[in-house]
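Hello,

Here is the structure we discussed. My notes on a few of its residues follow below.

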Amino acid sequence: MLHLWNGPCLYMFSGNMLLSYTNDSYSFYARFLWMVRIGGGVFPVIKEPDYLVNGEYRVDKGAAPKMLNCLMYKLSYYRFGELQTEYGKPPGYDRARGVEIGNKDIKLEYLEEAFTTSNWIVRIYKVKPPNNSGEALFISFCGTEKGNVRTLSEAEF
């Protein structure tokens with residue numbers, strides 16, 4: 001659920017990066033795949049191949065640039081690069097997928113973290129208020145360029 005006014009933004013991520021559930025990696029990619037496909041149906045600029053490398057989804061440094069910069073990736077891995085998840089592994093090591101994440105320097109412009117469970121299964125973000133100049137809030141879906149992002153009008157808030 002994403003409210004585009006000065007209300008809450010709920011983002012649930014059931015992919016556990018701290019505990020290594022064996023089927024979790026598949027479920028993360030399956031959910032992401034459908035979000036990209038649905039998004040592409042609404043915003044034609046979103047194309048599934050832009051998120052793949054050699055036909056597969058990746059979250060490590062070999063991931064597609066669109067993957068590393070999309071909103072879902074950012075909300076999933078925000079501050080994760082600071083965590084030491086396993087002895088002998090680098091900070092930001094995703095245990096479920098067995099890789100170090102590829103983007104550790106995630107900055108959120110329009111959202112801020114409100115709550116994250118201790119095992120990072122549920123993360124809640126809230127929408128930051130619009131800036132003082134009255135500029136309309138827009139959210140970049142899945143790494144689209146600013147020129148291709150739909151800007152919301154005042155009436156849509």
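D60 touches L68, V99, E100, I101 and G102, leaving aside residues up to four places away in sequence; contact here means heavy atoms within 4.5 Å. D60 sits in the loop that runs between α1 (24-42) and α2 (65-69). Helices (H or I, at least four residues) and strands (E, at least two) are DSSP runs, numbered from the N terminus. D60 counts as buried because its relative accessibility is 14%; buried means under 20% relative accessible area, exposed over 50%, and partly exposed in between (1.4 Å probe, protein chains only).

This is a predicted model, in which local features need pLDDT of at least 70, side-chain atom pairs count only at pLDDT 80 or more, and totals for chains, interfaces and linings use all residues. Residues are numbered from 1 along each chain as its sequence is written, and side-chain values use heavy atoms, with hydrogens and water left out.

Next, the backbone angles. Most residues other than glycine have a negative phi. N54, not a glycine, has a positive phi of about 55 degrees. N54 is in the loop between α1 and α2 and, at 79% relative accessibility, is exposed. R79, also not a glycine, has a positive phi of about 70 degrees. R79 lies between α3 (71-77) and β2 (93-94), in the loop, and is partly exposed at 31%.

Last, R123 in strand β5 (residues 122-127). With a relative accessible area of 0%, R123 is buried. The R123 side chain makes a polar contact (a pair of N or O atoms within 3.5 Å; within protein, one must be able to donate a hydrogen and the other to accept it, and residues adjacent in sequence count only if both atoms are side-chain atoms) with the side chain of T116, at 3.0 Å. A polar atom of the R123 side chain also lies 3.0 Å from the backbone oxygen of Y78.

Regards
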